[in-house]
Number of protein chains: 2
Amino acid sequence: MPLPAPELPEPAHADLDSMLSRKFGKEIANYFSGSPLNRVSFLRADHTFLSTAFKHPSTSFLVFSNLQPLFKSPTELAYVSYKDVVPLTGEDPYMQTEDEMISTYNSSKFTPQLIFLGLDERNKNGLLYKDHYKGAPYFAIDATPKGAIQSAAEELAKNLQERGYHFGEARMHMTLPAEEAAIYAEARHLLDWNARNPFCAQCGNPTLSVNGGFKRACPPKDMGSLKGAIGSTNSVTPSDPTERPPCATRTGISNLSFPRTDPTVIMAVVSPDGQRILLGRQKRWPPHWYSTLAGFLEPAESVEEAVRREVWEESGIFLGRVVIHSTQPWPYPANLMIGAIGQAIPEGETVHLGHDAELEDARWFSVEEVREALRVGTSGLGDEAGPEYKEGGLRLPPKTAIANQLMTAVVNGFLGGDSKM
Amino acid sequence: MPLPAPELPEPAHADLDSMLSRKFGKEIANYFSGSPLNRVSFLRADHTFLSTAFKHPSTSFLVFSNLQPLFKSPTELAYVSYKDVVPLTGEDPYMQTEDEMISTYNSSKFTPQLIFLGLDERNKNGLLYKDHYKGAPYFAIDATPKGAIQSAAEELAKNLQERGYHFGEARMHMTLPAEEAAIYAEARHLLDWNARNPFCAQCGNPTLSVNGGFKRACPPKDMGSLKGAIGSTNSVTPSDPTERPPCATRTGISNLSFPRTDPTVIMAVVSPDGQRILLGRQKRWPPHWYSTLAGFLEPAESVEEAVRREVWEESGIFLGRVVIHSTQPWPYPANLMIGAIGQAIPEGETVHLGHDAELEDARWFSVEEVREALRVGTSGLGDEAGPEYKEGGLRLPPKTAIANQLMTAVVNGFLGGDSKM
């Protein structure tokens with residue numbers, strides 16, 4: 001099993017090719033990472049680029065409805081082309097610069113959410129922009145039937161169904177190949193973030209999607225607001241009824257304008273003697289199903305501190321050393337899972353569930369039992385365990401979950417040693 | 001120099017005490033981490049606990065004005081007591097349960113922002129709650145003179161000045177001891193988050209601070225809104241004028257209700273031959289000042305992917321292996337800095353600044369030059385370099401910055417090898 005961090009360091013002057021390929025090979029790329037797209041994030045503000053990409057014949061659009069992506073089959077996403085989405089978007093939704101979009105903002109005008117996902121540089125029929133940026137563009141579009149696009153979206157959905165495509169839940173089974181899963185994850189995270197943030201948390205007024213879907217601006221005027229915006233009534237009535245009150249997000253760079261990603265810690269906890277692994281379960285899980293503990297990192301914590309705090313709060317166990325193992329994007333809705341392996345201290349290995357009420361149970365399992373469950377008892381939460389699973393045995397998450405990778409690392413000796421581990 | 005990750009793994013059955021103390025010793029605790037407080041996060045919903053803590057004689061209040069904390073001296077925060085803050089908060093701001101606070105919400109009522117920071121368990125004169133939770137409570141309070149507390153806050157500020165205390169900027173010089181810095185970081189991050197989110201990004205209506213300052217609720221009614229809330233005009237006029245339109249944050253758990261922390265990657269980049277380190281500079285920095293590259297992790301990226309993308313976008317350099325080194329909370333306003341060390345691939349070491357316009361310069365420095373600059377050329381951004389610094393030499397960030405720790409790890413051989421590194 002590949003282990004990225006605690007292996008022997010290589011001499012820096014060693015054969016670099018073999019070192020790098022080995023290192024890349026050993027780096028854990030968890031499910032939902034590993035996107036083949038170059039995001040060229042600095043081109044998102046360039047409306048000529050976005051417009052060119054939007055109309056290019058090599059461009060793929062991943063369509064969502066109510067945050068569910070379009071599938072061709074359970075293992076393949078379906079992409080559509082420019083002519084499919086034009087009835088929803090109009091011919092060129094990137095006709096204006098960002099400044100023009102902001103200065104002509106009209107909150108009563110509905111436009112479907114678009115995300116520019118990146119360029120697939122492997123596609124030789126892709127666009128070439130400024131002699132430097134090559135590849136086939138990928139966009140995501142929210143085609144949920146609502147607002148001004150209701151009938152066009154219903155029409156598109158019908159058309160797609162006739163092609164044998166369907167909108168489906170990607171979460172439970174995770175059957176997509178890794179690269180497709182990574183494209184889907186980027187799209188879902190961004191569509192969801194835009195959908196959650198139609199208003200400015202700083203001033204309460206409607207916001208506008210710009211920057212290829214990676215930013216929400218709080219415009220100083222709203223052509224659709226003849227009644228005046230929030231806050232206007234508290235100040236002197238402005239002579240221009242479209243003018244909105246001042247907002248701090250306009251006068252500086254505010255994180256509120258940018259997508260949110262929530263750092264989460266998830267950790268395999270090993271006993272002081274190295275022979276047991278701590279696992280917990282939530283009440284709503286199937287019988288015999290356990291996983292590693294996890295929780296949100298809080299403001300002003302290092303990863304190691306968050307790991308120790310969460311483990312103590314949820315299980316009463318005190319951790320000593322903590323080592324970061326790997327990370328996994330988790331777009332439900334917006335997490336970065338930071339995987340770690342921690343070891344309990346000898347005087348702190350007693351389980352106590354009384355602090356926080358999050359878990360129904362937490363207890364120590366032998367490394368052997370976990371190893372066997374990783375072999376026969378893994379599956380998606382909604383799926384059956386494999387054919388070798390015996391009722392009553394421990395059940396665990398599948399390989400696509402970082403929890404599985406952390407347990408696998410432990411049973412394969414991540415913490416080192418020549419013991420039975 | 002302590003290195004947490006790529007050292008030789010210990011046998012799990014080795015002497016645990018020495019292993020743990022060694023591991024703890026080797027774990028990098030960057031500035032702003034290492035808080036001495038137990039946050040007891042699960043007690044934040046317990047108003048009886050908060051009320052008890054608020055009034056306890058052992059309780060310390062860290063006062064802020066315009067996000068600046070109160071100092072006793074440049075190396076010491078000033079804390080005040082219950083009787084100092086009562087004129088601003090009233091006798092018991094935690095009299096009501098969260099449900100009661102939400103159901104009697106009145107957006108026209110101003111209350112100063114309070115944060116429950118945690119318990120200092122080392123203090124034997126602290127409270128004892130439910131036979132389990134001991135320690136001296138810490139709170140932060142925003143005493144910026146405004147709204148209903150304007151005159152009380154001005155009075156307090158005058159009183160504090162007479163005691164020789166002052167509100168000051170903690171950012172530039174970072175002179176606080178590490179534990180104090182961590183308490184300040186938690187307080188600042190939370191006060192800032194609350195101040196940035198007075199409105200619900202989902203529905204545009206005002207929100208209410210609950211959960212000891214770690215949550216903002218979107219109440220279903222607003223006693224202070226006789227004109228009706230946003231959205232009401234689009235639906236049938238409610239019979240109850242205080243009723244607000246439905247909001248998704250009320251019917252499920254939404255990340256919008258919880259503090260935001262932005263994962264950021266920061267990386268020391270080593271050349272393929274291991275002899276050079278890539279550094280960049282922003283135009284606004286002092287002459288000769290350089291640092292490691294950094295940038296925000298984007299949605300649906302692993303840490304390694306974010307590191308490779310940022311380095312390519314800002315410098316044109318292609319990275320091979322990437323190893324996570326340590327993390328640092330950075331409360332300006334809400335970052336988690338994830339420090340990594342990456343190595344360029346042989347065919348990808350040419351600097352190209354043309355992709356993104358963020359840096360004024362990026363170039364390779366020899367390991368020797370960086371080592372010398374770490375010895376003589378470090379300081380806070382606004383400060384003078386040390387006495388041994390010679391004009392024209394490389395200047396670098398101080399030890400309190402993770403950038404410094406990353407460069408130090410590289411010059412001390414983090415990537416291994418027996419070369420001059």
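Start with chain A as a whole and look at its contacts (heavy atoms within 4.5 Å). Counting contacts with a separation of 6 or more, 68% join residues 24 or more positions apart. Keep in mind that this is a predicted model, where local features need pLDDT of at least 70, side-chain atom pairs count only at pLDDT 80 or more, and totals for chains, interfaces and linings use all residues. Residues are numbered from 1 along each chain as its sequence is written, and side-chain values use heavy atoms, leaving out hydrogens and water.

Now switch to cartoon view. Chain A has 10 helices and 17 strands, taken as DSSP runs (H or I, at least four residues, for helices; E, at least two, for strands) and numbered from the N terminus.

Select residues 259-387 of chain A. An unreviewed UniProt entry labels this stretch "domain: Nudix hydrolase"; such annotations may be inferred rather than shown by experiment. The stretch is 18% helix and 36% strand, and its end C-alpha atoms lie 42 Å apart.

Last stop: select helix 9 (residues 367-376) and helix 10 (residues 402-411) of chain A. Their axes, lines fitted to C-alpha atoms over the stretch in contact, come within 10 Å and cross at roughly 130°. Show side chains to find who touches: A:Val367, A:Val370, A:Arg371 and A:Leu374 from helix 9 meet A:Asn404, A:Met407, A:Thr408 and A:Val411 from helix 10.

Notes. Chains lettered and ligands numbered in written order. Axes fitted to C-alpha atoms, helices over the stretch in contact; angles between N-to-C directions.
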